[in-house]
Amino acid sequence: MPSDTASRPLIHVSSTNCMRGWSPIPWYTYEVAPVFTLMEEAVLRKMMEMIGWEEGGDGLFNPGGSVSNMYAVNVARYQRCPDVKELGLSDVPRLVMFTSQECHYSISKAAAFLGIGTKNVYVVPSDDRGKMIPAALEEQITAAKSEGAVPFMVNATAGTTVLGAFDPIEEIADICEKHNLWLHVDACWGGVALMSEKHKHLLKGIHRANSVAWNPHKMLMACLQCCAFLVRDKTGLLQRCHSARASYLFQQDKFYNVRYDTGDKSIQCSRKPDAFKFWLMWKALGSRELEQRVDRALAMARYLEQEIKKREGFRLLMEPEYANVCFWYIPPSLRTMPDSPEFWEKLHIVAPAVKERMMKKGSMMVGYQPHGDKANFFRMIIISPQVSREDMDFVLDEIHNLGKDL
């Protein structure tokens with residue numbers, strides 16, 4: 001065995017490379033990367049505990065939340081129609097899935113990529129807070145069945161991209177159990193709230209999900225990319241769905257437990273050891289510091305919300321539920337105008353103009369967008385726990401300075 005001193009350069013090189021997002025190790029079997037394999041298992045087990053899966057489950061880290069959502073659609077379809085793996089789409093009925101109008105676009109992309117078709121993604125209305133309406137979901141499930149379609153999956157979102165809304169997972173889970181549907185929770189953005197005693201209530205009911213997507217590279221600030229896909233199943237469903245049983249890699253008569261050969265349950269062969277980034281950060285900082293990161297980021301979002309309420313010329317789109325603070329900047333020239341079609345038409349061009357000046361000056365990177373019938377507004381996402389009240393004040397001051405003459 002190498003001495004501790006001799007092993008330090010290897011540890012340094014390995015950790016540095018992984019934190020940069022790459023590794024020279026083509027990871028697909030235990031023998032190639034035994035330590036990374038065990039690290040991934042340990043991290044996934046801890047994440048499952050936080051979700052509330054007391055009996056564990058299965059999962060893997062993969063390149064992006066969009067891929068995690070694609071995994072969910074594929075596994076849910078295989079669970080409903082296992083023959084699709086060998087016989088293809090010609091052997092399955094018209095399958096349909098359900099998601100809210102506020103979901104991430106990767107859901108429809110997954111349907112297109114997997115041959116389900118985007119028109120077989122039923123878009124469920126959301127309320128004025130951006131949350132899926134359970135009654136509307138059940139109505140659409142009933143309607144789909146009456147059309148002869150076969151519902152197989154519901155995607156609930158925990159932390160929507162625009163409004164930061166959390167779908168009512170508990171009520172959606174009741175409907176999924178009633179209709180025997182796979183429930184996937186896209187918690188890529190909001191899953192981090194599980195780390196916080198103060199905020200984990202946002203994901204109430206997530207333990208009832210069949211699968212979860214969760215990205216530690218967001219608010220926890222793990223290095224890109226660091227994305228987990230987790231399933232509650234313990235029967236090897238993920239393996240059966242994706243396995244190709246290549247005999248030159250995944251021999252079944254190896255001397256060790258071949259369940260550690262994780263490469264055959266992913267759609268890739270070689271994978272980067274992304275779990276190492278989260279493992280190393282978690283070990284270095286501890287659960288309490290990660291919890292504080294979440295609490296600090298959301299505290300800054302609340303501070304920004306209060307400052308917007310106090311300042312003349314700023315108006316909230318709605319009270320934020322999470323770290324997505326959406327607001328309008330109203331320049332002095334428009335502040336005396338009543339709310340009218342003309343007012344909103346003029347306000348619609350303010351955010352793009354401010355954004356143009358912002359980019360040319362290079363002072364900030366704050367996005368804007370329309371939403372439904374709402375005029376363009378700024379969407380400030382408080383993702384870093386390192387930001388301060390002074391930073392929040394600067395954002396509002398700078399937007400005013402860039403747009404006060406419009």
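Predicted model: local features only at pLDDT ≥ 70, side-chain atom pairs only at ≥ 80, totals over all residues.
Biologist: Which pairs show the parallel sense, and which the antiparallel sense?

Modeller: Strand S5 (residues 182–186) and S6 pair in the parallel sense, with three bridges. In that pair, His-184 stands opposite Ser-211 in S6. By contrast, strand S1 (residues 58–62) and S7 are antiparallel and share five bridges. Strand S6 (residues 211–214) also runs antiparallel to S7, joined by four bridges.

Biologist: How many residues of S7 are buried, and which way do they point?

Modeller: Burial is read residue by residue, and direction is then read along the strand. Strand S7 (residues 227–231) is mostly covered, with five of its five residues buried. Cys-227, Phe-229 and Val-231 point one way, whereas Ala-228 and Leu-230 point the other way; all of them are buried.

Biologist: Is Thr-157 buried or exposed, and what does it touch?

Modeller: Thr-157 belongs to strand S4 (residues 150–157). Its relative accessibility is 3%, and the cut-off for burial is under 20%, so Thr-157 counts as buried. Leaving aside residues up to four places away in sequence, Thr-157 touches Cys-103, Ala-165, Phe-166, Asp-167 and Asp-186.

Biologist: At what angle do H2 and H9 pack, and which residues meet?

Modeller: Two helices are described by an angle, a distance between axes and a handedness. Helix H2 (residues 34–51) and helix H9 (residues 274–310) pack at about 70°, and their axes are 9 Å apart. Angles of 65 to 115 degrees count as roughly perpendicular, and H2 is therefore roughly perpendicular to H9. The crossing of H2 with H9 is left-handed. From H2, Phe-36, Met-39, Glu-40, Val-43, Lys-46, Met-47 and Met-50 take part, meeting Ala-275, Phe-276, Phe-278, Trp-279 and Trp-282 of H9. By class, this contact of H2 with H9 comprises 10 nonpolar, no polar and two charged residues.

Biologist: At what angle do H3 and H5 pack, and what is the handedness of their crossing?

Modeller: Helix H3 (residues 65–80) and helix H5 (residues 106–113) have axes 9 Å apart and pack at an angle of about 55°. H3 and H5 are therefore oblique to each other. Their crossing is right-handed. Ser-66, Asn-69, Met-70 and Val-73 of H3 meet Ser-106, Ile-107, Ala-110 and Phe-113 of H5. The contact of H3 with H5 has five nonpolar and three polar residues, and no charged residues.

Biologist: How is the open sheet of four strands arranged, and which helices lie on it?

Modeller: The four strands follow the order S8-S9-S11-S10 with antiparallel pairing. Strand S8 (314–316) and strand S10 (367–371) are the edge strands, each pairing on one side only. From one strand to the next, the twist averages 40°. S10 runs antiparallel to strand S11 (residues 374–381), with four bridges between them, and Tyr-368 stands opposite Phe-378 in S11. Helix H11 (residues 350–361) packs on this sheet, touching strand S9 (324–329), S10 and S11, and the direction of H11 makes about 40° with that of S11. Helix H12 (residues 389–403) lies across S8, S9 and S11 and runs at about 25° to S9.

Note on methods: Residues numbered from 1 in each chain as written. Heavy atoms only, no water. Axes fitted to C-alpha atoms, helices over the stretch in contact; angles between N-to-C directions. Parallel < 35°, antiparallel > 145°, perpendicular 65-115°, else oblique. Left-handed = near helix turned anticlockwise from the far one by under 90°. Contact = heavy atoms within 4.5 Å. Nonpolar A, V, L, I, M, F, W, Y, C, P; charged D, E, K, R; others polar. Pairing = 2+ DSSP bridges. Buried < 20%, exposed > 50% of the residue type's maximum accessible area, 1.4 Å probe, protein only.
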